[in-house]
Amino acid sequence: MLTAIIVEDMKDAMALLKSDIETHHPDIKIINTAQSVVEAAKVLRKVQPDILFLDIMLGDGTGFDVLEIFPELQSKIIFVTASDEFAIKAFKFAAIDYVLKPYAHNELADAIERAKQQIQPNKERLTILKDTLTAPEKKPDKISLHTLDKIIIVNLEDIVRCESDSNNTMFHLQDGKKVFVTKTLKYFADLLKPTGFLRIHQSHLVNLQYISAFIKTDGGYLMLKNGENVPVSVRKKAEVIEILDQMHR
């Protein structure tokens with residue numbers, strides 16, 4: 001039997017989550033609940049659960065305030081957030097799992113299963129999440145990347161390009177290192193486009209700051225500052241030329 005505490009400031013959401021856990025997850029016992037940072041602090045000082053369901057936005061602060069009060073917290077955390085595009089982007093940049101309100105039963109079940117298996121996100125990943133959530137208008141400067149055996153944190157400015165490898169992605173860094181990540185290139189193209197990356201080909205995503213020149217011959221390709229050449233697809237040529245023109249105005 002696993003123990004759980006729910007920190008959630010919306011009564012309807014709290015009731016829905018409690019009901020779902022009690023109905024579909026009999027191996028989890030809810031030992032307490034809280035609706036604010038202050039309440040959560042009082043509850044967690046008495047007992048720390050196996051799983052902490054932690055809402056990001058609380059009436060008197062945020063879930064991060066709870067974590068700062070308990071820096072040595074050993075509970076597996078399932079973050080809870082409203083369906084907000086900025087919040088979802090923040091979780092993706094930090095490579096931290098989350099569940100959306102309103103809860104879908106299968107998504108909650110998946111989150112619980114992952115929580116049972118996960119290693120706690122470290123302080124740097126939580127900082128990426130917090131910074132991206134609290135300043136959605138500011139471009140993130142770091143991203144957490146899930147490799148096969150670990151999670152590494154990379155500065156966006158150190159990523160030269162990304163290359164599709166079947167349903168996976170190879171990150172090429174400016175120091176020559178490569179990072180293999182088990183997510184599609186489309187996933188990263190959508191995530192990184194607002195931060196200065198451009199999908200120039202079905203298989204290639206490039207950091208605009210590393211483009212040296214666009215060569216129109218041989219089908220069209222980009223020369224990068226590290227000496228690499230990357231092909232540009234026919235349907236992307238016009239967009240590439242337009243963006244490069246804008247950069248040099």
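What share of the 249 residues of the protein chain count as buried? The answer is 46%. The structure is a predicted model. Its protein chain has eight helices and 17 strands, and the C-alpha atoms fill a box of roughly 70 × 35 × 30 Å along the principal axes.

**The chain as a whole**

- The accessible surface of the protein chain is about 13,300 Å², and carbon and sulfur atoms account for 50% of that area.
- Among contacts in the protein chain with a separation of 6 or more, 53% are between residues 24 or more positions apart.

**Nonpolar cores**

- The largest nonpolar core contains 46 residues. Within this core, the residues with the most contacts are Phe79, Leu129, Ile143, Ile159, Phe171 and Leu192.
- Ile143 is one of these residues. Leaving aside residues up to four places away in sequence, Ile143 touches Phe93, Ile128, Ile152, Ile153, Val154, Leu156, Ile159, Phe188, Leu191 and Leu192.
- Another core, of 18 residues, lies apart from the largest one. Its members include Ile6, Ile28, Ile78 and Val80.

**Helix α5**

- Helix α5 covers residues 105–117. It has 13 residues and runs 19 Å from its first C-alpha to its last, close to the 18 Å expected at 1.5 Å a residue.
- Four residues of α5 are buried: Leu108, Ala111, Ile112 and Ala115. They lie on the same side of α5, because the arc they cover around the axis is only 100°.
- What do the buried residues of α5 pack against? Their partners are helix α1 (11–24) and the strands β2 (28–34), β3 (51–55), β6 (76–82) and β7.

- Pro102 sits in the loop that links β7 (98–101) to α5.
- The peptide bond leading from Lys101 to Pro102 is cis, and its omega is near -5°. Most peptide bonds are trans.

- Most residues other than glycine have a negative phi.
- Is Asp218 buried or exposed? Its relative accessibility is 69%, so Asp218 counts as exposed.

**Arg161 in strand β10**

- Arg161 has its place in strand β10. At 8% relative accessibility, which is under the 20% limit, Arg161 counts as buried.
- Which side chains make polar contacts with the side chain of Arg161? One is that of Glu163, at 3.2 Å. Another is that of Glu228, at 2.9 Å.
- Not counting residues up to four places away in sequence, Arg161 touches Met170, Phe171, His172, His204, Leu205, Val206, Leu224, Glu228 and Val230.

**Leu222 in strand β16**

- Leu222 is part of strand β16. Its relative accessibility is 0%, so Leu222 counts as buried.
- Leaving out residues up to four places away in sequence, Leu222 touches Ile200, Val206, Ile211, Ala213, Phe214, Glu228, Asn229, Val230, Val232, Val240 and Leu244.
- Leu222 and Leu191 are 31 residues apart in sequence, and their C-alpha atoms are 22 Å apart in space. Leu191 is one of the residues that Ile143 touches.

**Val38 in helix α2**

- Val38 is found in helix α2, which spans residues 37–46. At 48% relative accessibility, between the limits of 20% and 50%, Val38 counts as partly exposed.
- Val38 and Gly61 are 23 residues apart along the chain, and 9.0 Å separates their C-alpha atoms.

Conventions:
Residues are numbered from 1 along each chain as its sequence is written. This is a predicted model: local features need pLDDT of at least 70, side-chain atom pairs count only at pLDDT 80 or more; totals for chains, interfaces and linings use all residues. Side-chain values use heavy atoms; hydrogens and water are left out. Helices (H or I, at least four residues) and strands (E, at least two) are DSSP runs, numbered from the N terminus. Buried means under 20% relative accessible area, exposed over 50%, partly exposed in between (1.4 Å probe, protein chains only). A nonpolar core is a set of buried Ala, Val, Leu, Ile, Met, Phe, Trp, Tyr and Cys residues joined through side-chain atoms within 4.5 Å. Contact means heavy atoms within 4.5 Å. A polar contact is a pair of N or O atoms within 3.5 Å; within protein, one must be able to donate a hydrogen and the other to accept it, and residues adjacent in sequence count only if both atoms are side-chain atoms. The expected span of a helix is 1.5 Å times one less than its number of residues. The arc is that of the directions from the helix axis to the C-beta atoms. Accessible areas come from the Shrake-Rupley method with a 1.4 Å probe; for residues, only the protein chains shown count as cover.
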